[in-house]
Amino acid sequence: MSEPVPYRGRKGIITYWPVATREQTVVCGSLRQWRLAVELDFEPAWAAFSARPVELQWRVGGCLRRWRPDFVARTAEGVREVLVLKPSGHKSLPAARLEVLEEVARAAGWRVRQVREPSGLRGRNLGWLAGYRFPVGAETGQAQALLEAFSQPTGLRTGVAASGLDELTGLDLAYRLLWQRRLLFDMAQPLLPDALAWTA
């Protein structure tokens, strides 16, 4: 498939998303797709995903229709799913598109899931953590010290201080551990430097 291009006359952004867990770059054609790619990369339930890798073509009244679903993904259990972003302000895809997609998915043995991109606090937290998704250098000893400091729910700065690491290095590593889910936190709370975190 060709890479997406912004629509003429509409705001668009092409984003190249290097996936944290694989040597793969996903090309997103909108900020909505990018936000969903961040969530798919963060959630361990997804083993692999690709943006708009297939195009559906069908005829209505002699006219050729084309459409590319947002993502095709594989879960950790090996189930293949087509993920489609719900249109803004609507509960579902247009019926004609959904009907064609479900027919193709049944034939291929895929599931169809309509989703919304992460927004609000969850979207902001994931956007912040995404900047820390790649490991930097040899962090094994430092990571172990941090994990021990968070054996109980502890504020990030307090845990970093207890680990013996300097604040900037420690916070940087703590955010990486949060992305890796080796440290956990309450996604319903802002991910501030004093947010509570604990060992997974």
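A residue is called buried when its relative accessible area is under 20%, exposed when it is over 50%, and partly exposed in between. These words are used in the legends below, which describe a predicted model.

**View 1. The whole protein chain.**
This overview shows the predicted chain with its six helices and 11 strands. The C-alpha atoms fill a box of roughly 70 × 40 × 30 Å along the principal axes. Of the 200 residues, 39% count as buried. Among contacts with a separation of 6 or more, 55% are between residues 24 or more positions apart.

Helix 4 spans residues 140–149. Which residues of helix 4 are buried? They are Ala 143, Leu 146, Leu 147 and Ala 149. These residues lie on the same side of helix 4 because they cover an arc of only 160° around its axis. Thr 140, Gly 141 and Glu 148, on the other side of the helix, are exposed. The cover over the buried residues includes strand 9, helix 5, helix 6, strand 10 and strand 11.

**View 2. The crossing of helix 4 and helix 5.**
The axes of helix 4 and helix 5 come within 8 Å and cross at roughly 120°. At that angle helix 4 is oblique to helix 5, because angles from 65 to 115 degrees count as roughly perpendicular and those over 145 as roughly antiparallel. The crossing is right-handed. From helix 4, Ala 145, Leu 146 and Ala 149 take part in the contact. Their partners in helix 5 are Gly 159, Val 160, Ala 162 and Ser 163.

Three strands make an open sheet with antiparallel pairing, in the order 9-11-10. Strand 9 (154–155) and strand 10 (183–185) are at the edges. Each of these two has a single partner strand, so one of its sides has no neighbour in the sheet. Strand 11 covers residues 196–199 and is joined to strand 9 by two bridges. Within this pair, Gly 155 stands opposite Leu 196 of strand 11. Helix 6 (residues 167–179) lies across strand 10 and strand 11, and it runs at about 80° to strand 10.

Leu 171 is part of helix 6. Is Leu 171 buried or exposed? Leu 171 counts as buried, because its relative accessibility is 10% and the limit for a buried residue is under 20%. Leaving aside residues up to four places away in sequence, Leu 171 touches Leu 156, Arg 157, Val 160 and Pro 193. The C-alpha atom of Leu 171 is separated by 27 Å from that of Thr 15, a residue 156 places away along the chain.

**View 3. Asp 166 in a loop.**
Asp 166 is found in the loop between helix 5 and helix 6. With a relative accessibility of 45%, Asp 166 counts as partly exposed. Asp 166 and Arg 97 are 69 residues apart along the chain, and their C-alpha atoms are separated by 54 Å.

Four strands form an open sheet in the order 3-6-7-8, and the pairing is mixed. Strand 3 (46–51) and strand 8 (111–115) are the edge strands; each has a single partner, so one side of each is left without a neighbour in the sheet. On average, neighbouring strands are turned by 25° against each other, with direction ignored. Strand 3 and strand 6 (residues 71–75) run antiparallel and are joined by five bridges. Trp 46 stands opposite Thr 75 in strand 6. Helix 2 (residues 95–108) packs on this sheet, where it touches strand 7 (80–85) and strand 8. The direction of helix 2 makes about 145° with that of strand 8.

**View 4. The crossing of helix 1 and helix 3.**
The axes of helix 1 (residues 31–42) and helix 3 (residues 120–130) come within 10 Å and cross at roughly 70°. Helix 1 is therefore roughly perpendicular to helix 3. Helix 1 passes helix 3 in a left-handed crossing. Val 38, Glu 39 and Phe 42 of helix 1 make the contact with Arg 122, Leu 126, Leu 129 and Ala 130 of helix 3.

Notes
Residues are numbered from 1 along each chain as its sequence is written. This is a predicted model: local features need pLDDT of at least 70, side-chain atom pairs count only at pLDDT 80 or more; totals for chains, interfaces and linings use all residues. Side-chain values use heavy atoms; hydrogens and water are left out. Two strands pair if DSSP finds at least two bridges between them. Contact means heavy atoms within 4.5 Å. Axes are lines fitted to C-alpha atoms, for helices over the stretch in contact, and angles run from 0 to 180 degrees between N-to-C directions. Buried means under 20% relative accessible area, exposed over 50%, partly exposed in between (1.4 Å probe, protein chains only). The arc is that of the directions from the helix axis to the C-beta atoms. Angles under 35 degrees count as roughly parallel, over 145 as roughly antiparallel, 65 to 115 as roughly perpendicular and the rest as oblique. A crossing is left-handed if the near helix is turned anticlockwise from the far one by less than a right angle, and right-handed if clockwise.
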